[in-house]
Amino acid sequence: MSGATGRTAAGTAELDWDRATEEAVEHLRALIRIPSVNPPDGGTALAAGRDPHGAETAAAQYCADVLSDAGIEAQVLESEPGRGSCFARLPASVSDSEAEPPLVLLSHLDVVPVDGDAWSRDPFGGELVDGIVWGRGAVDMKDMVAMELAVMLALSREGGERRRDVIFAAVADEEAGGLFGARHWVEQRPDLFRGRDGRTAAAALNEVGGYSMTVGSRRVYAVQVAEKGIIWTRLTATGTTGHGSMPHADNAAIKLADAVARLAAKAHAPRVTPVVRGFLASLGLDAVAGAADDGDEERVQLELEHGTPDPVLRRSLNAMLHDTVTPTVIRVGQKMNVIPGFGQAEVDVRTLPDTDQEALLAEITQTAGPDVRVEAVLTMPPVTWPADAEIVGLMEAALNRADPEGVPAPMMITPGTDAKALALLGIPAYGFAPLRLDPEMPFLSLFHAHDERVPVSAIRFGLPVLHEVVRNFVAA
Ligand SMILES: [Zn+2]
């Protein structure tokens with residue numbers, strides 16, 4: 001009960017949020033100092049899942065120790081040596097017959113590799129400078145791991161009756177598709193996401209959402225209720241090897257370059273899906289939706305430029321309006337004077353909720369042309385969860401209380417997260433890592449980027465908000 005300063009009407013202990021924030025910041029810094037890079041060798045994303053030497057276990061053990069020290073039952077489970085995940089549970093206090101399905105506090109422990117030269121500070125130093133925590137994972141997503149840890153500790157300290165189990169699940173391998181993390185545990189141990197009576201969790205709180213973005217005079221808190229779908233696509237070209245001094249047309253490098261250039265040049269018409277329409281309205285950007293409704297790509301771009309000066313937000317909004325086909329990897333050739341007989345390219349395809357993924361893949365195959373073989377190496381459907389669910393209402397209420405001038409708004413994100421794995425069990429995973437950020441903070445551009453950092457003030461704002469949502473969803 002340390003940190004308690006009194007008792008509330010509900011019979012729970014009052015919490016000291018300054019102290020809880022300090023604790024969360026220390027957990028964040030400690031987690032940043034554990035370089036749980038995925039993949040450890042910095043190799044390609046598609047090959048990543050095969051490397052058994054991830055450092056997530058050390059991070060999982062850190063979480064388990066913090067929870068165990070507070071008297072919360074916690075365990076570290078490995079899908080492969082080194083690929084550890086931490087699961088813990090605060091059980092419902094009511095009888096089994098009164099208990100309702102659990103709430104999952106979901107996070108991932110792995111981080112993407114760093115380009116150390118580009119950083120102004122040690123990416124694994126966990127430095128706290130002028131109220132800002134620096135390091136890989138500060139934004140994606142050890143900040144939320146630390147906040148969810150702090151919420152578990154707060155719930156345990158304050159006591160009170162709970163009608164749901166609260167499950168802490170900090171997993172490995174999100175950055176490479178989750179085959180050794182969320183996906184693995186969902187398939188191998190679905191009981192980890194169920195209550196005592198076997199019912200699957202009612203909801204999960206996850207990353208990429210809850211933070212504020214400022215457009216003009218509006219401060220909008222994006223509550224993530226949908227994710228685009230994924231088709232990770234590989235192109236393979238073959239040819240006839242030969243001496244570079246005697247050129248011929250059957251050259252894998254030329255075939256691959258042609259196909260990639262055609263895919264990059266191909267336009268995809270703008271479309272406004274319901275969640276994005278509402279989100280654009282919250283940002284005051286209805287004109288963007290209008291232009292997209294008219295299929296007027298040029299006007300979409302003009303309205304975006306007119307509507308927001310932030311280029312990263314513009315890119316994000318643009319991607320919410322289109323299926324995107326992004327070549328990311330090209331590997332072909334060994335030597336200047338050898339015509340290559342084999343090459344591969346990787347293309348990151350992201351689909352809107354109403355896109356027929358098979359039809360889009362067929363179109364991509366046709367665009368790439370007959371000289372390359374096109375295959376989908378990983379396909380994940382989009383997810384959309386009800387924006388009018390009880391827990392979303394609790395998020396909006398908590399945000400309104402904490403920042404009466406801010407506007408909570410449901411949003412679709414363009415990357416994929418472990419929400420897709422929990423979707424296999426039917427668990428809605430909402431992106432809600434609440435942070436209040438200064439308008440100058442280039443938050444969106446810090447995901448996977450150098451100089452990743454998060455202000456302590458944002459955590460000081462978000463921690464009680466996150467706690468309030470969790471407590472109100474589980475309180476008996
Ligand atoms: Zn992440």
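Mentor: Let us start with a sheet. This predicted model contains an open sheet of four strands with antiparallel pairing.

Trainee: In what order do the four strands of this open sheet stand?

Mentor: The edge strands, each of which pairs on one side only, are β12 (324-332) and β15 (373-380). From one strand to the next, the twist averages 20°. Read across the sheet, the order is β12-β14-β10-β15.

Trainee: Over how many bridges do β12 and strand β14 pair?

Mentor: Strand β14 covers residues 342-351 and pairs with β12 in the antiparallel sense. The number of bridges between β12 and β14 is eight.

Trainee: Which helix lies across β10, β12 and β14?

Mentor: The helix in question spans residues 252-265. Its direction is at about 165° to β12. The helix that lies across β10 (229-238), β12 and β14 is α6.

Trainee: How far apart are the centres of domain 1 and domain 2?

Mentor: The protein chain is divided into domain 1, made of 17-225 + 383-474, and domain 2, made of 231-380. The contact between the domains takes 22 residues from domain 1 and 22 residues from domain 2. Taken over C-alpha atoms, the separation of the two centres is 30 Å.

Trainee: Which element gives the most to the side of domain 1 that touches domain 2?

Mentor: The elements that give two or more residues to this side are β8 (212-215), β9 (218-227) and β17 (407-413). The greatest contribution is five residues. The element that gives them is β17.

Trainee: Is β17 mostly covered or mostly open, and which residue in β17 is the bridge partner of Val223?

Mentor: Six of the seven residues of β17 are buried, and the strand is thus mostly covered. β9 and β17 pair in the parallel sense over seven bridges. In β17, the bridge partner of Val223 is Pro410.

Trainee: Which residues touch the most other members of the largest nonpolar core?

Mentor: This core has 124 residues. Its largest share, eleven residues, comes from helix α4 (residues 142-158), and at least three residues come from each of domain 1 and domain 2. The residues that touch the most other members are Cys63 and Met152.

Trainee: Which residues does Cys63 touch, not counting those up to four places away in sequence?

Mentor: Cys63 belongs to the largest nonpolar core. With residues up to four places away in sequence left out, Cys63 touches Cys86, Val145, Leu149 and Ala170.

Trainee: Why is one side of β4 and of β19 left without a neighbour in the sheet?

Mentor: Three strands form an open sheet in the order β4-β5-β19, with antiparallel pairing. β4 (128-129) and β19 (453-455) stand at the edges, so one side of each has no neighbour in the sheet. The reason is that each has a single partner strand.

Trainee: At about what angle to β19 does helix α14 run?

Mentor: Strand β5 (residues 132-134) is joined to β19 by three bridges, and Trp134 stands opposite Arg453 in β19. Helix α14 (residues 456-474) lies across β5 and β19. The angle to β19 is about 60°.

Trainee: Over which residues is the pLDDT below 50?

Mentor: The protein chain averages a pLDDT of 92, and 94% of the residues score at least 70. Two stretches fall below 50: residues 1-5 and residues 43-52.

Methods:
Residues numbered from 1 in each chain as written. Predicted model: local features only at pLDDT ≥ 70, side-chain atom pairs only at ≥ 80, totals over all residues. pLDDT = per-residue confidence, 0-100. Contact = placed C-beta atoms within 7 Å. Core = buried A, V, L, I, M, F, W, Y, C linked by C-beta atoms within 7 Å. Buried ≥ 20, exposed ≤ 12 C-beta atoms within 10 Å, placed from the backbone. Domains from an automatic or database assignment. Pairing = 2+ DSSP bridges. Axes fitted to C-alpha atoms, helices over the stretch in contact; angles between N-to-C directions.
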